[in-house]
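The exercises below are meant to be worked through with the sequence and the structure open side by side. Try each task before reading its solution.

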Amino acid sequence: MSDFSYSVDADGVATITWDVPGKSMNVMSQAGFVQLDGMVDAALADPAVKGVIITSGKKDFAGGMDLNVIARMKDEGGADPARAVFEGVMSIHRILRKIELAGMDRKTQTGGKPFVAALPGTAMGIGLELPLACHRIIAADNPGARIGLPEIMVGIFPGAGGTTRLVRKLGAMAAAPFLLEGKTNEPKKAMAAGIIDEVVPADRLMARAKEWVLAAKDADLVKVWDRKDYKMPGGTPYHPAGFMTFLGASVMVHANTHGVYPAAKALLSAIYEGALVPFDTALRIEARWFTHVLMNPSSGAMIRSLFLNKEALEKGANRPAVADEKVAKLGVLGAGMMGAGIAYVSASAGIEVVLIDATQEAADRGKAHSADLLDKGMKRGAVTAEKKAEVLGRITATTDYAALAGCDLILEAVFEDPAVKAEVTARAEAVIPQTAIFATNTSTLPIGELAKASMRPGQFIGIHFFSPVDRMMLVEIIKGKATGDRAVAKALDYVRQIRKTPIVVNDARFFYANRCIIPYVNEGMRMVGEGVAPALIENAAKLVGMPLGPLQLVDETALDLGAKIARATKAAMGDAYPDSAVDDILFWMVDQGRIGRKARAGFYAYDETGKRLGLWEGLAQKFPRALKQPELGEVQHRLLLAQVLEAVRALEAGVLTDIREGDVGAILGWGFAPWSGGPFSWLDMIGAARAVEICDGLTSRHGRRFEAPGLLRDMAATGQTFYGRFASRPKAA
Ligand code: NAD
């Protein structure tokens with residue numbers, strides 16, 4: 001079966017319809033390119049064909065390249081993978097350039113056949129690069145559609161001519177947000193930005209496309225960049241205005257990526273160098289930089305974690321095989337920060353919500369959080385008044401547990417206190433159906449312990465959200481010893497309904513994400529105590545790709561919360577507690593009232609609006625800076641290994657059972673250096689032997705917390721990688 005079909009009507013207009021069998025969204029494969037190429041040749045060769053419409057048989061045009069293909073291109077390149085990738089990319093350029101040149105006589109620029117792209121809906125990645133090679137892009141007026149080139153989000157850049165064409169169409173400055181930030185737009189905005197040419201009512205799309213094809217003149221088929229008098233909008237790099245653009249773009253890219261994302265830098269190089277040469281040479285340059293990015297292990301790791309594996313987890317890669325468990329009615333216990341956020345994302349996904357708190361006032365306040373977020377959405381134009389009314393209409397704020405009757409899932413988010421949690425568990429279970437699943441959003445209490453308050457521990461599970469709930473994409477599902485398959489399926493189906501990404505872990509102290517992030521923050525504070533300059537700590541973290549330095553992170557999450565967790569951990573662990581040196585700093589800061597941003601005072605100084613002013617200078621008086629400061633690399637290794645070794649220990653202990661979840665969860669849960677693809681991908685990049693060597697050095701200088709886990713040593717000895725050892729069998733345990 002073919003991904004494209006071809007027909008010619010009585011007026012001589014050929015239509016190439018993209019409709020990949022068995023998929024809801026078109027994606028481009030290698031076979032697809034071959035089919036498209038054949039149809040383009042057929043249309044150009046057939047004297048009866050006057051012009052061509054390229055469109056889609058689905059509600060959208062296309063979502064992009066099949067990223068599996070990109071991931072494989074390199075693997076299948078044999079002895080010279082870079083050449084294989086480069087040649088693969090150049091063959092795509094040839095097809096798109098053939099469309100663009102329309103079979104015309106290049107000297108006289110006459111005699112070509114018009115190609116028009118008719119986009120019924122979303123057109124992203126190659127789904128926009130192909131239209132950009134056509135002579136006109138007409139889109140249906142479909143405000144839900146997204147038009148753009150989001151490749152940068154998965155560590156690559158538009159490499160099928162999208163970079164070169166968009167820059168030549170809009171100028172480097174205007175194209176920058178779409179290329180460098182992957183910004184996508186609905187059709188009308190895409191037209192206003194100059195990316196597409198025309199937006200028409202959906203039922204006029206094909207008629208208008210045909211009209212355009214039949215009316216097109218020779219001059220309509222010559223792209224501006226193929227004209228002799230072409231000048232790049234905003235100027236090329238040696239033009240005074242262009243110079244300013246490129247200078248600014250370099251600074252912006254570096255400020256945002258700290259040099260750790262190869263794709264952003266390569267993209268900028270392709271734009272800069274491409275701007276200095278004729279179009280066809282620019283395409284070759286784009287192909288070389290694209291190859292360079294694909295050959296960097298970072299792009300493969302990012303595609304694997306942020307696209308392929310993220311999607312696999314969202315589609316239920318680790319879902320037990322039980323019947324559909326979609327949630328119809330959700331009860332949320334506790335309408336505080338988390339409960340209110342959970343109510344909002346659930347009601348937005350169409351789920352009926354009963355939001356309970358101890359007082360009506362607190363319950364109403366929780367519901368008001370949804371109203372606030374919806375109002376903000378309305379201001380942005382993303383939410384209509386009807387949508388707001390609909391979402392709010394789904395939330396019942398009450399103190400009455402009887403309202404929970406008929407709930408098939410309960411999410412408990414009351415105070416982090418086992419007695420309070422036990423009480424609300426019993427009250428809810430007295431009302432809800434026998435079959436309902438009960439989930440807790442606890443961040444620190446063992447699921448197995450909390451399940452003791454339940455009449456049905458097999459139906460008791462952890463569903464751990466991150467704050468702020470509406471923005472954080474990861475949800476950690478925690479299985480207690482007694483948790484049954486139906487509870488896991490329910491949690492996964494629920495997370496899918498609210499369109500977030502789940503990982504499923506086993507019950508252990510701090511589960512997975514917090515287990516890894518606490519040592520990161522602690523390592524930062526420990527270094528302060530040792531006299532390492534706080535600016536060195538923070539910058540070392542950013543230069544290795546962490547979104548926030550450890551000191552800024554602990555300011556955001558609050559030091560008093562950290563102190564509370566530290567006390568509870570110490571009580572639970574006794575003599576084995578490893579973090580006394582950290583507590584000296586943490587408790588001293590809390591004693592000073594410097595509990596973080598919420599108090600406008602922490603490791604950073606803040607103004608009264610909460611804006612960070614810089615690192616707090618008073619810190620140096622209590623913890624004077626050491627005369628000899630460590631090397632940047634040493635600080636980075638300490639900060640990275642603090643997290644990574646915890647991830648390996650979580651795998652070793654069976655808390656994590658799938659390294660894909662470990663990698664995806666790390667990036668989405670706490671922002672672990674996304675360029676690396678996650679802690680396991682990072683270890684695979686440097687190799688287990690090198691990782692053990694780093695651990696041995698850090699252990700000798702800083703203590704046993706850096707000792708390499710047995711699993712890592714074993715892999716170093718046998719030359720294995722995590723994805724090599726566990727990928728064919730994603731379940732590690
Ligand atoms: P919060 O203090 O903002 O909200 C708790 C709410 O529970 C309050 O509105 C309170 O009135 C209500 N409540 C207390 N006792 C109750 C009772 N008996 N019946 C009904 N309602 C009652 O706390 P939060 O930050 O929303 O945290 C809630 C839970 O989520 C905790 O278990 C916490 O560990 C967990 N959690 C918090 C975060 C976070 O970043 N804050 C992240 C993940 C998980």
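**Exercise 1.** Which kind of contact do the side chains of Asp280 and Arg106 make?

Solution. Keep in mind that the model is a predicted one. In this model the two side chains, of Asp280 and Arg106, meet in a salt bridge, with 3.8 Å from N to O. The cut-off for this rule is a side-chain nitrogen of Lys or Arg within 4 Å of a carboxyl oxygen of Asp or Glu, and the pair Asp280 and Arg106 therefore qualifies at 3.8 Å.

**Exercise 2.** Describe the interface of domain 1 and domain 2.

Solution. Begin with the bounds: the domain assignment gives residues 1–146 + 186–222 to domain 1, and residues 149–182 + 223–295 to domain 2. The contact between them draws 34 residues from domain 1 and 32 residues from domain 2, while the centres of the two domains, taken over C-alpha atoms, are 22 Å apart.

Next, turn to the area. The size of an interface is often expressed as the accessible area that is lost when the parts come together. Here about 2,700 Å² is buried between domain 1 and domain 2, and carbon and sulfur atoms give 64% of this area. On the side of domain 1, Phe86, His93 and Glu129 supply 21% of the area buried against domain 2, more than any other three residues.

Then consider the polar part, where 16 residue pairs are in polar contact between domain 1 and domain 2, both residues being at pLDDT 80 or more, and where the rule finds seven salt bridges across the interface.

Finally, ask which elements take part: α2 (67–75), α3 (81–101) and α4 (126–133) each give two or more residues to the side of domain 1 that touches domain 2. The largest share, twelve residues, comes from α3. By class, this side of domain 1 holds 23 nonpolar, five polar and six charged residues.

**Exercise 3.** Is Thr291 buried or exposed, and which residues does Thr291 touch, beyond those up to four places away in sequence?

Solution. First locate Thr291, which lies in helix α11, residues 279–295. Its relative accessible area is 7%, and because buried means under 20%, Thr291 counts as buried. Its side chain reaches the backbone oxygen of Ala287 at 2.7 Å. Leaving out residues up to four places away in sequence, Thr291 touches Ala82, Val85 and Phe86.

**Exercise 4.** Where does Thr15 lie, and is Thr15 buried or exposed?

Solution. Thr15 is placed in strand β2, residues 13–18. With 15% relative accessibility, Thr15 counts as buried. Apart from neighbours within four places in sequence, the contacts of Thr15 include Ser5, Tyr6 and Met206.

Terms used
Residues numbered from 1 in each chain as written. Predicted model: local features only at pLDDT ≥ 70, side-chain atom pairs only at ≥ 80, totals over all residues. Heavy atoms only, no water. Helix = DSSP H or I, 4+ residues; strand = E, 2+ residues; numbered from the N terminus. Buried < 20%, exposed > 50% of the residue type's maximum accessible area, 1.4 Å probe, protein only. Polar contact = N/O pair within 3.5 Å; in protein donor to acceptor, adjacent residues only side chain to side chain. Contact = heavy atoms within 4.5 Å. Domains from an automatic or database assignment. Buried area = accessible area lost by both parts, 1.4 Å probe. Nonpolar A, V, L, I, M, F, W, Y, C, P; charged D, E, K, R; others polar.
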